[in-house]
Amino acid sequence: MTSAPTPARLAVPCPFCGAINHVAATRVGDRPRCGNAACAKPLLLDRPVALHDRDFTRAVQDTTVPVLVDFYADWCGPCKMMAPILDDVAASFAGRLLVAKVNTDVEQTTAMAYQIRSIPTLVLLQSGQPVAQQAGAVPKAAILQLLSRVGL
């Protein structure tokens, strides 16, 4: 007897209440809502999802699709230049990739854990483990090349 493969899922914190939500990758386009009945606000997964020190590890480890993390700061000019590119990547790969962002000024524990020394820095994770990293502002083609390392 063989077991069915586990369906791909994303573990994302609600930007409003912070509850971790598990969303089937095939349902990302259905505009899922927070599972916390007191909240039930939309989870917008076709754009980068903000992660914080308190939920980073759980989100990346419980997500079964690759995760591309943008380590940035609000004041950083090159980070601002990367934002629309990452928005486009998140929309293009919705359900196959989780694009996340971590503000290094606020979420210093996570930034230190990944030894972020310059921003922007992109870290590509698969099964919660880093598989590739890119420092500095790069064009979309470089991001797509990075994603090809995990078959995207």
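**View 1. The buried residues of helix H4 are Ile143, Leu146 and Leu147.** Buried here stands for under 20% relative accessible area, exposed for over 50%, and partly exposed for anything in between, with a 1.4 Å probe and protein chains only. Seen down the axis of H4, these buried residues fall within an arc of 100°, so they line one face of the helix; the arc is taken from the directions that run from the helix axis to the C-beta atoms. On the other side of H4 you will find Ala141 and Gln145, which are exposed. Helices (H or I, at least four residues) and strands (E, at least two) are DSSP runs, numbered from the N terminus.

A note on the model: it is predicted, so local features need pLDDT of at least 70 and side-chain atom pairs count only at pLDDT 80 or more, while totals for chains, interfaces and linings use all residues. Residues are numbered from 1 along each chain as its sequence is written, and side-chain values use heavy atoms, with hydrogens and water left out.

**View 2. Helix H4 (residues 140-147) lies across strand S4 (67-72), S6 and S7.** H4 runs at about 25° to S6; axes are lines fitted to C-alpha atoms, for helices over the stretch in contact, and angles between N-to-C directions run from 0 to 180 degrees. The buried residues of H4 pack against S4, S6, S7 and helix H2 (77-92), where contact means heavy atoms within 4.5 Å.

**View 3. Five strands form an open sheet in the order S3-S5-S4-S6-S7, with mixed pairing.** Two strands pair if DSSP finds at least two bridges between them. At the edges sit strand S3 (49-50) and strand S7 (129-135), each pairing on one side only. Strand S6 (residues 121-126) and S7 run antiparallel and are joined by 6 bridges. Look for threonine 121, whose bridge partner in S7 is alanine 135.

**View 4. Alanine 100, in strand S5 (residues 98-103), is buried, with a relative accessible area of 0%.** Leaving aside residues up to four places away in sequence, alanine 100 touches Val49, Leu51, Val67, Leu68, Val69 and Asp70. Valine 49 and alanine 100 are 51 residues apart in sequence, yet 4.5 Å apart in space, C-alpha to C-alpha.

**View 5. The largest pocket has a volume of about 210 Å³.** A pocket is an open set of points on a 1 Å grid over the protein atoms alone, where a 1.4 Å probe fits, with protein on both sides within 12 Å along at least five of seven lines; lining residues have an atom within 4 Å of a point. Of the 16 lining residues, Pro13, Cys14, Pro15, Val49 and Ala50 are the closest to the centre.

Conventions:
Grid points are joined across faces, edges and corners, and a volume is the space filled by probe spheres set on the points.
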